[in-house]
Every structure is written in structure tokens, then in C-alpha cells.
Amino acid sequence: MPPRSPMGGVKTHVEDNHTHDVRYVLRNLWKYLYRYRFGMFAVLALSLLSNVLALLGPRLSGAAIDAITGGEHVNFPSVYRYALLMLAFYAVSAGLSFLISVYMVRLSQKIVSAMRCDAFQSISRLPVGFTDRHAIGDILSVISYDIDTLSTSLAHDVVQILSSVVTVVGSLYMMLTISPLLILVFAVTIPLSVFITRFITSRTRPLFRARSRKLGELNGFVEEMLSGLKTAKAYNREDYTIDRFDKKNEEAVQAYYKSEYYGSTTGPSVSFVNNLSLSLVSVFGALLYLWRYMSLGDVSSFVLYSRKFSGPINEVANIIAELQSALAAGERVFRLIDEPPEMPDAPDAVELENAQGLVEMKNVSFGYEKNRVILHDLSLVAKPGSVTAIVGPTGAGKTTIINLLMRFYDRLSGEILIDGRPIEKYTRKSLRRNFAMVLQDTWLFGGTVYENIAYGNPAATLEDVKRAAERARISYFIEQLPNGYDTVLTENGGNISKGQKQLLTIARAMLLDASMLILDEATSNVDTQTEIRIQDAMLQLMKNKTCFVIAHRLSTIQNADNILVLDHGDIVEQGTHDELMARGGFYKKLYQAQFES
């Protein structure tokens, strides 16, 4: 894994290797363009035809001028013929250019759609630890802002570059046929333009990368503040939040300004060199005309071709800033798509079916960072159908045990077994399918009540959902809603109370036919009366299941078969409630702190 910036922007080991960055982006972009290779070849052919027709115009103009100035009598039929041909060629060229632009807009949207799908699929395959380490707003910025930047570049810049290449090559060829001597002017101006462009872009590329990173940080901050808006208002921290936003916003503005400011110097610099070349062509062309090496029409055609030759170079220089922004955005997009997914299942992994629920942990050690171990040689045995409660102060490692059981993270050492087989020998999907979870942080999505309860069991019927709701003691509330089970919940259930959200997640767990159950402070968001009302439902849910209960309210786990008392990653005590109280150790102090003080 590459090192990361504090707010989640990707820092790669190739940031100083600009050539490698460009090749990396272009190589990945080509994978998407190749899917539409026939369309791209059609664009290339149409662009070639369009620009060839446009390139014939100056030649016809020169011929018309020579028809006027070539003798005593003006050859008007030839002049009219050349003028009509110019009009026809330019009209067809413009029409083809319009078709190319329309097609490239549609093509860019197809490519962007494919990129978004790949980026979202990559996120869904990433380990849980990725979102633990990265700001959500920064990831959203990649999927929205960075991909949109690529879309704009594909729709406009690619067409312009294709047109510029054809125009430059065609103009150079036509100038060679007119006067190979006069073309020596560009032997000085072209290297100068290339040097200026490379000099500026080598210094602006890091600025555009910094701009994308700062915008990601700003989005991450805004997402964080919006999710905690109530807390900010409750603590009267609006001014403090605004000050922090102003700072983040100013950093993003400065990064944007610097990249655009220095990037915009490319166009005027190259334009100056191109105008210099045009002046030199005009001066030396006039001399060659006076010395009768060229006709007036040839001089006129050569000047027009020199403008066509210099114009695309100037246009490309003007879009260099956009290209740099697109390259920086593309790098972030493709780094996200290429993020390593969860480790694949072992080749000999089998499906966990009809699990008995025997869970063992033997000398398990784990740390989210290798040099900072949280759990130390932890061992436990949970028999099928038993209830294992995990208690301890904040940071003791309670939730970490759940993360290891679900293989959200893999242990550093030791063994975790289910039904006597290491969990690495099971496929992740089948392992997680055998666990039902009710977490402290409730999560509901924008959809109907029915869809939210049936989330873990899409095949569930309405009757199945109703039975689960009745067992969770929430059916009465649902039936009072305007559309009952078809009532649409807003994002994360914002239109119902926290307690009601918790009850819905409990009903969701009840609908699963899982042999093991995880309750992570499952009743923390309900009031005491509601908690009492659902206790019997919870007991029904836990019946015949191997249960792991993380609890701060020790009153909820007094009947547990085994209570593990954690402190700083070690099991300092374990036993039943009565045994631990009689022992008079750490657990008794926790219990007394809650009930006897």
C-alpha cells in the first residue's frame, strides 16, 4: 500500500517521476478508449478528412491571387471556381468537425460511465480498513470532480489535439511544396516553443496534483461537518467550524489559483513565439517575392499555412493547463480503481454451510498498525448456542474482536477457528453470511421499510418481514406510517427516531437465518422503556445462536454464559456474572461504577 496524505489524498512513490505518471494515466485511459476503438478510428478518419479539406483552402486562395495578378487580364472564371471550391471545402470541413464534436461528447460520457462503475466496484471490493484510513469526502471527490474533469478533457481536448496534429503535419507538408527554403524559419521557433512548453509543464504538474488533493480535502471536511451539524450547533461551534472551512477553502483556492496562474503562462508564451515566426515568414517571404523566387500567391499561401501551422501549437499550449488538470485527476481516478481489493479467498477455501457455531480464538494478536499491537495473545472459546459478552473500557479492543471474526481485518498471529476450521479456509461471503449483526451505528438506506428490513435476505416475502418486525416489537410503529411497509425512508432514516432506526436494524437481523449473532451495543440508541420492551425479542433472536455481545450497559449481559473482561487488549478476567462479582476484580469495579455509585 502506498503512503497516504493525512486527509486521504493518494501519495505515490512515483510523484517525482512525471513521465511515469503520464504513461500510467495514458495507459489506463487507453484501456477505456480501446473498448470504442472502431468509433475512435472513425473519429480519426473524419478528423483527417476534415482537416485535409481545410488545408486545401490556402492553396486555392493562393491560386486565386495568382489568377488575379498573373497577367494583364484577370481570369475571373478561375477566381470564381477557386472561391466556390474554398467555400465548399470549408463548409464540409465545418460539418465534419461538428459531427466529431457531438460524437466525442457521447463517447466521453460512455467512458466516464464505465470509469464510475469501475471506481464504485473498486470501492465495494476494498477492505474495510481503506475507508477507516481515508476521508469519505476525498473518495467522493474522485468519483465526481476528478472523473468529470477527465470527461471534459476527453470531449474537447482530445478532438482538438487530433485536429492539431493533422493540421500541423498537413501544413508542414504544404509549406514544403511551396518553399523549402522559407520553412527554415521554423527550425528556430519550434524548438523554442517546445522548450518553453516543457519548462512550464514540468513545474505546473505538481501544482495541479496539489489542486486535486486540496479539493478532496475540502470535500472531506464538508462531508464531515454536514454529518456532525447537530453537534456543532449544540456546542455553539458554528463560528469555529466556519473558520476551519475558510482555512480549507483558502488552501483550495490558493492551490487552484497557483495551478491556473502558472499553467496559463504557457499559451501567451507560445503565442509570442508563433507571432515571431509569422513576422519572420512575412519578412523573408517578401524578400523572396522581390527576388522572384516565389509568386505573390505562393507567399500568401505560405503565410496562411504558417498561421495554420502555428495556430494548433498555440491552441495546444492554451489547453496544456486543462491537460495537466486532467492528468492529475486521471491519476487519482486510476489509483482508486487500482487499489488492491480484499485479499482473495484461499484456493482451497470452502463454503461455510450449516455452521454449528463453535468459535475459538487461539493466541490471537492484532494491530491496525504493525508496530502498534492492540490484542495480545488473546484466546477464547464460544460453544454453539452460548452467549459471550465482551466488556471493558473504551479502547480495550472489544470491537476489534468483532472485526477479526468477520474478517474485516486479518490477525497478525494466532488462529481463529469456526467449527474447528480456520476462518481463512472459508470464503469470506459464506463466513459473513453466517453472522447476523446489529451495530451501535445504525445504517439505513433510502428505500422502503420493507427493503431495509429485507436487506440481508432479498428473497424474503412481505409476510417474512412482518413476522420479523413483530418479533422486534416495531410492527405497530410501521403500521402507523402513511404507507406502512411501503413507506420510503430518507437517507439513513432521517425521518424516524434513532430508537426506531435501531429497532429496524434488529428486525433486519431477525430475518437472517444465521447461526452466529453479533450485538455491538445494540440497545445503546433506545430509551430504557424501549430497551425493556425488546429484551424478550432479543432473547428470541439469540436462541440457538452463538452470540457475541459488546455491552457498556452491564445490566444487559448478566445472564451471559461467559463474560470476557478486556483491558488494553488482554483478557484480564472471564467467567459468569456471579463468578466475576465474587472474584471482586476488574469486572466488579466496572459494575459498581455503573450501579452502586
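I worked from a predicted model, where local features need pLDDT of at least 70 and side-chain atom pairs count only at pLDDT 80 or more, while totals for chains, interfaces and linings use all residues. Residues are numbered from 1 along each chain as its sequence is written, and side-chain values use heavy atoms, with hydrogens and water left out.

**Salt bridges.** I searched the whole structure and found 15 salt bridges (a side-chain nitrogen of Lys or Arg within 4 Å of a carboxyl oxygen of Asp or Glu). I looked at Asp410 and Arg428 and got 3.5 Å, N to O. This pair links distant parts of the chain, 18 residues apart, with Asp410 in the loop between H12 and E4 and Arg428 in helix H13 (residues 428-433); helices are DSSP runs of H or I, at least four residues, numbered from the N terminus. Arg428 is buried at 7% relative accessibility, whereas Asp410 is partly exposed at 30% (buried is under 20% relative accessible area, exposed over 50%, partly exposed in between, with a 1.4 Å probe and protein chains only).

**Core.** I turned to the largest nonpolar core and counted 46 residues (buried Ala, Val, Leu, Ile, Met, Phe, Trp, Tyr and Cys joined through side-chain atoms within 4.5 Å). Helix H17 (residues 498-510) gives the largest share, six residues. Ile557 is one of the residues with the most contacts inside this core.

Technical notes:
Helices (H or I, at least four residues) and strands (E, at least two) are DSSP runs, numbered from the N terminus.
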